[in-house]
Amino acid sequence: MFLDVVDLRHFYAQRLGTVARHFIGRGIRARWRDARGLRILGIGYATPYLGLFREEAERCLAFMPAAQGVVKWPTTRPALSSLVDELELPLADSAVDRVLLVHALEMSQDATALLREIWRVLASGGQLLV
């Protein structure tokens, strides 16, 4: 089953989505306690969790694969989200410290190539959380 951003936004707006965001968000925050000064990239539909880091991270971006669609994030501030080709991320090598992959790997046409592209943009010592 393929979910686009409309489906995902609808899910996270419902009670079950709110509960999922709460518990998953706690797990993410437990692994990435301190994001001060870090460059964080969410790929897929990571916006329900990127807000955890937006105020303390140096940079916090949301890349949404073209096949999935894009929504503006954050909704009340200048946009930090972008529609991208998941296999050609518009970043230099070693550009980010953390990558949060949510609702992307399971929907990718080429998961191996997506992971290679993430490896390319991830800085030395960086972390990927799927």
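Beyond its neighbours within four places in sequence, Asp97 is in contact (heavy atoms within 4.5 Å) with Gly37, Leu38, Arg39, Leu122, Ala123, Gly126 and Gln127. The model is a predicted one, in which local features need pLDDT of at least 70 and side-chain atom pairs count only at pLDDT 80 or more, while totals for chains, interfaces and linings use all residues. Residues are numbered from 1 along each chain as its sequence is written, and side-chain values use heavy atoms, with hydrogens and water left out.

Asp97 lies in strand β4, strands being DSSP runs of E with at least two residues and helices runs of H or I with at least four, numbered from the N terminus. Asp97 counts as buried because its relative accessibility is 14%, the cut-off for buried being under 20% relative accessible area (1.4 Å probe, protein chains only). Its side chain reaches the backbone nitrogen of Arg39 at 2.8 Å.

Turning to the helices, α1 (residues 5-13) and α2 (residues 15-31) pack at about 85 degrees, with axes 4 Å apart; axes are lines fitted to C-alpha atoms over the stretch in contact, and angles run from 0 to 180 degrees between N-to-C directions. The pair is therefore roughly perpendicular, a label covering 65 to 115 degrees. Phe11, Tyr12 and Ala13 of α1 meet α2 residues including Leu16 and Ala20.

Note on methods. Parallel < 35°, antiparallel > 145°, perpendicular 65-115°, else oblique. Buried < 20%, exposed > 50% of the residue type's maximum accessible area, 1.4 Å probe, protein only. Polar contact = N/O pair within 3.5 Å; in protein donor to acceptor, adjacent residues only side chain to side chain.
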